Amino acid sequence: MDYLEFKDHKVSPDQFFSYLDSIKNSNTPIVIENGSYNCRVGWATVEKPLMVFKNCLAKPRKERGKKDGEMQVGNDIVNIEAVRFQLKTQFDRNIVTHCEIQEHIFNYMFSHLGINTETVNHPIIITEAFMNPNYSRSCMSELLFECYGVPSICYAVDSVLSYRNESKNGNTGLIISCGYYSTHVIPIIDGAIDAKHSRRLDIGGYHITSYLHRLLQLKYPVHFAAITLSRTEELLHEHCHVAVDYLEELRKWSDGDYYDQNIKCFQLPYTSQSSLTPEQQKERRRELARRLIEINARKREEKLAEDEEQLNQLLAIQDLQDEGEETEFQKAVSDFGLNSCEDLPKMIGQIQARIEKTRQKIVAANTSEDPITEEPKQKIMKFQTPKGEEDFKSWVEGVRRKREEILEKRAIRRQRRSDMAKRKTAASFERMRLISQLARNEKRDDDFGLRDEDWDVYKAINKEGGDTDSEGETEKLLELEQVLKAHDPSFWSEGIEAPGETHRLHVGVERFRAPELLFQPSMFGCHQAGLAEVIEYVLNGYDEDMANKLSKEVFITGGLANLSGLKDRIIAELTQIRPFRSKIAVQVANSPSLSAWYKARDMARNLSWLKSSSITKEDFLEKGYEYLKEHCVSNPYTSSPAPITQIEGAVHNAPSIVSEEIEIDVI
């Protein structure tokens, strides 16, 4: 069997680009695909995004005696698992709600693009969530206009951009957008979004990754820490697939031969202690001892500095008393937390003694020699290897027999203990009979054991005694196994597991069980219909002619579109949904993750279209923070209802007759 290894991809920090005069003077648009998983940024004049990074940030915890750690954004987070629980994102599901985090992300973008002016004097085309709430858009517009001073903003929907970029028709079709937090089914009718018939499924790549992560940790609880979310994401994107027929796929895996042929084994990192030479083991112990000494020395120095600072403060307070500043002295004693003036000399003496003791420890540690001086004791083997080949084979067989005898004795004892622990086994009845005979004082009918209380008595006196495995027997078994490891190559496969076998993950049904969440959200506890039912519901909202047009152009985009088998599964589901002999065509985006950015870049190069589709600072102030100019790749705009205070003001300013009618109606 071939063993696969996790790649554990390491990201490299994004480089800082130069702010060229040709870009600065021409007001080149900035294209931002603000995805909930990855963010893609670049100028409209480049062929591909200059930066692709995870849309999150991490603030390291404050260490003792140091200032706050610097904020890390995107690819600056080299080891994301080390700060997994400190990650923050501006998204609540797929909606931007935390503007302070979004501001840090924008600072990261503009600084790496090389923009060194006080304001960002470039038009911006940025993606937003499908049917983004007006409040979220108003916060984003306010941040870009007020904080960065951008001249104009154009909002677009990423899935519609991808559809416009790669669809053959681009006029009427059904978009299936598989995002990180949600999946959308969006009909496009005559070039416009039909928001009324669009639907959202609250299952995305995040939920599939979390479900796969949970399955693997439950299957291998001993490797709970080694099965990280990063490795789970790698497993999902590179080895998982969508089953065309889920139940049929499960039946295939019930066959042992099919399981052996299709199982994938992943090797987790591990360290084999037995492969190290005595010199390497000694050097490792020396290194660990050095690290421990350095840690202790650093702690002593920090403690000494704190005690000296505290001593200086106490001596300063004592000087106030010597100088006769009684009022300030009493206040300083109270602020320092002392109960009375008599406690001051006592505390000064304690701290001085503690400082002296710490200094002595530091001096002793600096003058001490290397703590690792003893050579590791080599275990003397009691077996001598015969020289002849026939004698050697018989000797190995004898060692194997001795080991098997010990294992057989252990198995018999464990089986006996297991039988005694069960109430209705023959061994249990025999033990109860013997106990009842011992408990009987005279010859008469014995009914001991017929009641539940008697069973409690039996459990109380059930002692294993000498039935446990002895230490000598365990040492003997380890010694025999060590001999077989050294002289019998077949022992690895027959006797015990080979090195690293306990650090391997055998992944089978999990590879298609996790992506099945898209079609069966109930597996994850989500009380929603699956993707097939959502598509059927959307198509049933149209007449037969329009439903046929939509089913003839189904377009799949988003990060999960890269999963193999998703297209075939959608075709199979549509075949069951649509009437007999209906025409079905499903297309997957060639580049699901970058297709939206490419289309936004092409549109931004058309400056006349960008100007007519963008909102300016004047529109922002005049028409409201949430204002949006509709265009072919934007959300439909619906203004928010007027606040209640404005309605009440209009009622109060109305004629008296109307006011009276309203008051009567309310009463």
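You're looking at a predicted model, where local features need pLDDT of at least 70, side-chain atom pairs count only at pLDDT 80 or more, and totals for chains, interfaces and linings use all residues. Numbering runs from 1 along each chain as its sequence is written, and side-chain values use heavy atoms, with hydrogens and water left out.

**Strand β13 and its partners**

Now colour β13 (residues 183-189) and β14 (residues 192-193), an antiparallel pair with two bridges. Strands here are DSSP E runs of at least two residues, helices are H or I runs of at least four, and both are numbered from the N terminus; two strands pair if DSSP finds at least two bridges between them. Zoom in on the hairpin turn, two residues long, where Asp-190 has a positive phi of about 50°.

Ile-176 stands opposite Val-185 here, and a hairpin of four residues links the two strands. Then show β15 (residues 199-201), which pairs with β13 in the antiparallel sense over three bridges; look for Arg-200 opposite His-184.

Is β13 covered or open? Seven of its seven residues are buried (under 20% relative accessible area with a 1.4 Å probe, protein chains only). In a regular strand, side chains alternate between the two faces of the sheet. Thr-183, Val-185, Pro-187 and Ile-189 are on one side of β13, with His-184, Ile-186 and Ile-188 on the other.

**Two crossing helices**

Move on to α5 (residues 205-219) and α6 (residues 229-239), packed at about 110° with axes 9 Å apart. That makes them roughly perpendicular (65 to 115 degrees). Show the side chains making the contact, including Ile-208, Leu-212 and Leu-216 of α5 and Leu-229, Leu-235 and Leu-236 of α6; contact means heavy atoms within 4.5 Å.

**The cores**

Finally, select Ile-30, Ile-32, Val-41, Phe-53, Phe-106, Met-109 and Phe-110, the residues with the most contacts inside the largest nonpolar core, which has 61 residues. A core is a set of buried Ala, Val, Leu, Ile, Met, Phe, Trp, Tyr and Cys residues joined through side-chain atoms within 4.5 Å. Helix α2 (residues 99-112) gives the largest share, six residues. Centre on Val-41: leaving aside neighbours within four places in sequence, its contacts include Pro-49, Leu-113 and Trp-597. Apart from this core lies another, of 46 residues, with Leu-174, Ile-208, Tyr-220 and Ile-556 among them.

Key: Axes are lines fitted to C-alpha atoms, for helices over the stretch in contact, and angles run from 0 to 180 degrees between N-to-C directions. Angles under 35 degrees count as roughly parallel, over 145 as roughly antiparallel, 65 to 115 as roughly perpendicular and the rest as oblique. Buried means under 20% relative accessible area, exposed over 50%, partly exposed in between (1.4 Å probe, protein chains only).
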